[in-house]
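Thanks for passing this one along. Here are my notes, point by point, to read beside the coordinates.

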Amino acid sequence: MNTSSLPRIAVLATGGTIAGSAGDASKTAGYKAGVVGVDKLLDAVPALGSVARIHAEQIASIDSKDMSVALWTALASRINELLAQDDIDGVVVTHGTDTLEETAYLLHLTVKHAKPVVLTAAMRPSTALSADGPLNLLNAVTVAASKDAAGKGVLVAFNNQIHSARDVTKTSTYAVDAFRSPEIGVLGFVQDGRVEFQRTVVRPHTVSSEFSVTDEWPMVEIVASYAGVSRVTVDALVAAGVRGIVVAGTGNGSMHAAFTQALVDAVKQGVAMVRASRVGSGHVMRNGAANDDALGSVSAGTLNPYKARVLLMLALASGVDDLQRVFDTY
Ligand code: SIN
């Protein structure tokens, strides 16, 4: 086969269970994530050779629970550099499942190219019986090599499904179909080399995003409302100099009365406040379960608290002051 005409895809490895290793093939928990190098991951998938020419880089070797804003800056910057090259047609990022949705949304808003960027991961370590990583990697490269994937923002290829970075979230601690895009659903499918999109992405991203990656990340934290919550956490965050607080509220972003006063006090001191929901699906309406006009808060719409934090950090870093417009737009 003449492979010189195949798309050239950069595979950037960051660690995760896809690069995990356990002493025993029957172990799917209790392994060490992020220890297998990118060359070994690629060697496990000989079929990649008929899909794309691969350029591989080891960006990090971490368990994604330890993802940092510094690594986000390095990853987004490297992706932007690679995609600016004429000889790179797309990027695949291998990542841990635990914070994949946060990194994917960050890249969705800060990658400045229309070429495909696809994240993938695995629920079972590379040493496990029926490891899911090799097929997920093959499918991610297949999507990144597809012209149909261009211009759709950052994508997540997992378990034969293609999700938008904006909508996808991890919904299982163990199942190999761990990712869902609640209420909105998948963008498409990838199976046996065939990429099929069923819908498109309407909110702005990548080339039409107003945000860029930064190396000066404002302190933004998430606090949850629950039975018996006190104001202690919010007061401590304000004392620590927090710039923004995302509330993982009950129901439609409602908040315990004891805790609401602490948030009102924080807003008066210039802290940005965003109301999201801990429910896992649905939207948080402005002036719905709480009066945002009176509180000085912003509603997160359909973004979960973790994604709302990513957007709030980027908005604060870029000096945006009309935060509700940002949350209504992205
Ligand atoms: C991680 O997020 O790095 C560990 C868990 C996983 O990848 O499934």
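1. Let me begin with one side chain. Lys 170 is partly exposed, at a relative accessible area of 22%. Please keep in mind throughout that this is a predicted model.

2. Which residue does Lys 170 meet in a salt bridge? The partner is Asp 98, with 2.7 Å from N to O. Lys 170 belongs to strand β7 (residues 169-170), while Asp 98 sits in the loop between β3 (90-94) and α3 (100-110), so this pair ties together parts lying 72 residues apart in sequence. Asp 98 is likewise partly exposed, with 42% relative accessibility.

3. A further pair worth a look is Arg 199 with Asp 167, whose side chains form a salt bridge at 3.5 Å, N to O. Arg 199 is in the loop between β10 (194-197) and β11 (220-224), and Asp 167 is in the loop between β6 (161-164) and β7, so parts 32 residues apart in sequence are tied together here. Are these two residues buried or partly exposed? Arg 199 is partly exposed at 26% relative accessible area, whereas Asp 167 is buried at 13%.

4. Asp 177 and Arg 180 also pair up, their closest N and O atoms being 3.3 Å apart in a salt bridge. Asp 177 is partly exposed, with a relative accessible area of 31%, and Arg 180 is partly exposed too, at 38%.

5. How many salt bridges does the structure hold? The count is 15. On the charges as a whole, the chain carries 27 positive and 31 negative ones, and their mean positions lie 2 Å apart.

6. Now the fold. The protein chain contains nine helices and 14 strands. Its radius of gyration is 20 Å, close to the 20 Å from the globule rule for 330 residues, so the chain is as compact as a globular protein of that length. Along the principal axes, the C-alpha atoms fill a box of roughly 65 × 45 × 35 Å.

7. Finally, packing and surface. Of the 330 residues, 52% are buried. Among contacts with a separation of 6 or more, 72% come from residues 24 or more positions apart. The accessible surface of the protein chain is about 13,600 Å², and carbon and sulfur atoms account for 50% of that.

Methods. Residues numbered from 1 in each chain as written. Predicted model: local features only at pLDDT ≥ 70, side-chain atom pairs only at ≥ 80, totals over all residues. Heavy atoms only, no water. Salt bridge = Lys/Arg side-chain N within 4 Å of Asp/Glu carboxyl O. Helix = DSSP H or I, 4+ residues; strand = E, 2+ residues; numbered from the N terminus. Buried < 20%, exposed > 50% of the residue type's maximum accessible area, 1.4 Å probe, protein only. Rg over C-alpha atoms; globule rule 2.2 N^0.38 Å. Contact = heavy atoms within 4.5 Å. Areas by Shrake-Rupley, 256 points an atom, 1.4 Å probe, with all protein chains shown as cover. Lys, Arg positive; Asp, Glu negative; His and termini not counted. Charge placed at Lys NZ, Arg CZ, Asp CG, Glu CD.
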